[in-house]
Amino acid sequence: MDHPSEDSPSSSANSHGPTNHPQLPFPDEVLEKVLSFVNSHKDRSSVSLVHKDWYNAERWTRSKLFIGNCYSVSPEIVARRFPRIKSVTLKGKPRFSDFNMLPRDWGANVHPWLVMFAKVYPFLEELRLKRMTVTDESLELLAKSFSGFKVLSLSSCDGFTENGLKALASHCRNLTELDIQDSISEDVGGGWLSSFPENFSSLEVLNFASLNSDISFDDLERLVSRCKSLRVLKVNETISLDQLQRLLVYAPLLTELGTGSFMQELTPRQYEEVETAFSNCKNLEALSGLWDANSLYLPLLYGACAGLTFLNLSDAPLQSGDFAKLLVHCPNLRRLWVIDTVEDKGLEAVGSSCPLLEELRVFPADPYDRHHRDGVSESGFLAVSRGCPKLHYVLYFCRRMTNAAVITIVKNCPDFTHFRLCIMTPGQPDHLTNEPMDEAFGAVAKTCSKLKRLSVSGLLTDASFEYIGKYAKNLETLSVAFAGSSDWGMQSVLEGCPKLRKLEIRDCPFGNTALLSGKLKYETMRSLWMSACNVTVKGCGILAREMPRLNVEVINDEGSDGSQADKVYVYRTVAGPRRDAPGFVLTL
């Protein structure tokens, strides 16, 4: 029996409740059956607005929950609204925390959520966390509260040590996935692998690539040998090629592999054994790791490359020649991540060898070396666009670019949904004409009608933002750094992009007028981040007073005079001001 408050419009975490229409002629059983086929969390939220009956049916049939901001709703509201959740995806800190722009103890602790889940969701099976603080206490509570728990993913999380992982290994007897990706943990040794019971064999996914400490290889080998259904294995750089070969013998079903280090001298016999092990990986679709890979040992991989659709070389600073030789063996690549040590010549090889490529990410070998003259430029980007017509996602770090090149690139690849161009020198103009890069990003906005995510950089005036506001009607996320001329630039985006959900701005001249121009827009967005802009605490206070359903948080740097808002984080919420804000966070 539903509690009356659970059917009320105000209890919805995603909306203001269902619309009151006449009774719809659908029995509950039919509605619940229909909704069982609706998997998208966005679609389910829309369905819940149709009618009170649909709202109730949706809340009883939903088993998966996605929360894009852990402060947009409280654990208590979620527990009242959804009684049968088995899978939760929960995101915490804003993205700029990845760049050390948030103090470490800012918040986003998962523990209050786990306390509530332990009370109301004892059948929880899956938890995926991103940018959350996860302590050992939390991992122990998780391990002991959910007897059927199966999946834990920690992406860019912090706070845990080896003791927390030991609790998971000891108590989660049905664990199928342990995925630790880009997480920060200072005291994680390798002893936690020995905590898995001797009869434990259910793992299908094991990823500890981001844990830097030595692990016990004997414990890892015994674990892998028992888990016959293992399909994803990503080890850290302490695992040698010889050790990896021994693991591969036990894991013939792998579809994703993250290797260890290639920094090892192999005997001729070891070389042959490693080469054979890679050749036997007949189902491999994704390959990463490859720390310290070099020309001597890269050929070991060739036999495993034919079926690859994703090659992640972001930890392998390859030179263009070795890179080109590897690509020849990867004809089916859809996704490719590389470091700019491959240079433009390496990207020319991408254009000639990867006709099916859909996603390209090029990372800088050293983003802080402003005098570095190598790397990639518009020439490499152009070569990829000519040879990869299906390209629709790009993240491209470079030190120079031209308007003409970007205009040609988007003509060659007009289906971009994600276009993230990062010219690493702030305020860098077109290096041939010395003009602003306005026409480049104007062309992206005009040509790429499917564009959802855009990152802009280089010397930009308000004209670029006028283009974005006028043409980027499907844009959901915009990231801006060191750009713009006046408040009008930000206003153009807020007024012109109807689907905008996340706006991230740093080191721009936008001030209170720009901030307040979007006060109604922010209620339809997930969040706004502004740092090192011309916003004041007074302006933030006005926004908070006029829009009480928004949380407006100000984080001032040490030594700030208190009038400027050094960092501003604005987000919609149905939970009110958060209860765990530290002293350096001013909630208005």
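**Entry 1: one phenylalanine.** A reminder to myself: this is a predicted model. I began at Phe419 and skipped its neighbours within four places in sequence. Beyond those, Phe419 is in contact with Phe381, Val394, Val406, Val410, Phe441, Val444, Leu451 and Leu454, and also with Arg453 and Ser455.

**Entry 2: the core.** Next I asked which residues touch the most other members of the largest nonpolar core. Phe419 turned up again, together with Leu220, in a core of 175 residues. I then checked where this core draws its largest share, and found that α15 supplies it with five residues.

**Entry 3: helix α16.** I moved on to α16, which spans residues 462–471. Its buried residues are Asp462, Ser464, Phe465, Tyr467, Ile468 and Gly469. What covers them?

**Entry 4: a helix pair.** Last, I looked at α9 (residues 241–250) and α10 (residues 268–279). Their axes come within 9 Å and cross at roughly 45°, so I noted the two helices as oblique to each other. The crossing of α9 past α10 is left-handed. On the α9 side I listed Leu241, Asp242, Leu244, Gln245 and Leu248; they meet Gln270, Glu273, Val274, Ala277 and Phe278 of α10. Sorting the residues of this contact gave me six nonpolar, two polar and two charged.

Definitions and conventions
Residues numbered from 1 in each chain as written. Predicted model: local features only at pLDDT ≥ 70, side-chain atom pairs only at ≥ 80, totals over all residues. Heavy atoms only, no water. Buried < 20%, exposed > 50% of the residue type's maximum accessible area, 1.4 Å probe, protein only. Helix = DSSP H or I, 4+ residues; strand = E, 2+ residues; numbered from the N terminus. Core = buried A, V, L, I, M, F, W, Y, C linked by side-chain atoms within 4.5 Å. Contact = heavy atoms within 4.5 Å. Axes fitted to C-alpha atoms, helices over the stretch in contact; angles between N-to-C directions. Parallel < 35°, antiparallel > 145°, perpendicular 65-115°, else oblique. Left-handed = near helix turned anticlockwise from the far one by under 90°. Nonpolar A, V, L, I, M, F, W, Y, C, P; charged D, E, K, R; others polar.
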